[in-house]
Amino acid sequence: MIDTHDYEVKVKQAKKFLKDGNKVKFTMRYKGRELSANDMGQTVLNRLLEDLEGLCKLDSAPKLEGKQMMMIISPI
């Protein structure tokens, strides 16, 4: 669950980090019953990849580790 403004801020910050030559790690934390619907987090992370297309390459695909889903991207 992420609001549109919060999402846009994260995309803007990720673009800044990528342009500076840094890697970016996205982490989605699940609370309570959200863990049973972990496809929502997968959808958000895939949307991030689409929005950052052309600026980054995928280092680590989105994967669930405990109550967190993580993804790592790096600049091209």
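How many residues does α2 have, and how far does α2 reach from its first C-alpha to its last? The helix has 13 residues and reaches 18 Å, close to the 18 Å expected at 1.5 Å a residue. Please keep in mind as you read that this is a predicted model.

## The two helices

Let us stay with α2 for a moment. Gly 41, Val 44, Leu 45 and Leu 48 are its buried residues. Around the axis they cover an arc of only 95°, which puts them on the same side of α2. The face turned away from that buried side carries Thr 43 and Glu 50, which are exposed. As for partners, the buried residues of α2 pack against α1, β1, β2 and β3.

Now turn to helix α1, which runs over residues 4-19. With 16 residues at 1.5 Å a residue, α1 should span 22 Å, and its end C-alpha atoms are 23 Å apart, which agrees. Tyr 7, Val 11, Ala 14 and Leu 18 are the buried residues here. Viewed down the axis of α1, these buried residues fall within an arc of 65°, so they line one face of the helix. On the other side of α1 you will find Lys 12 and Lys 19, both exposed. The buried residues of α1 pack against β1 (24-29), α2 (39-51), β2 (56-65) and β3 (68-75). Just after this helix, Gly 21 takes a positive phi of about 90°.

## The nonpolar core

In soluble globular proteins, nonpolar side chains tend to be buried together. Which residues touch the most other members of the largest nonpolar core here? Among its 16 residues, they are Phe 26, Leu 45, Leu 48, Leu 52 and Ile 73. The elements giving two or more residues to this core are α1, β1, α2 and β3. Its largest share, four residues, comes from α1.

Leaving out residues up to four places away in sequence, Phe 26 touches Ala 14, Leu 45, Leu 48, Leu 52, Met 69, Met 70, Met 71 and Ile 73. Of these, Ala 14 is a buried residue of α1, while Leu 45 and Leu 48 are buried in α2.

## Two residues side by side

Phe 17 lies in helix α1, and Ser 60 lies in strand β2. The table gives the accessibility of each.

| Residue | Relative accessibility | State |
|---|---|---|
| Phe 17 | 38% | partly exposed |
| Ser 60 | 18% | buried |

Why does Ser 60 count as buried? Its relative accessibility is 18%, and buried means under 20%, so Ser 60 falls in that class. Phe 17, at 38%, counts as partly exposed, because that class lies between the 20% limit for buried and the 50% limit for exposed.

Their contacts can be listed too, again without residues up to four places away in sequence. Phe 17 touches Asn 22 and Val 24, whereas Ser 60 is in contact with Met 71 and Ile 72.

Methods: Residues are numbered from 1 along each chain as its sequence is written. This is a predicted model: local features need pLDDT of at least 70, side-chain atom pairs count only at pLDDT 80 or more; totals for chains, interfaces and linings use all residues. Side-chain values use heavy atoms; hydrogens and water are left out. The expected span of a helix is 1.5 Å times one less than its number of residues. Buried means under 20% relative accessible area, exposed over 50%, partly exposed in between (1.4 Å probe, protein chains only). The arc is that of the directions from the helix axis to the C-beta atoms. Contact means heavy atoms within 4.5 Å. A nonpolar core is a set of buried Ala, Val, Leu, Ile, Met, Phe, Trp, Tyr and Cys residues joined through side-chain atoms within 4.5 Å.
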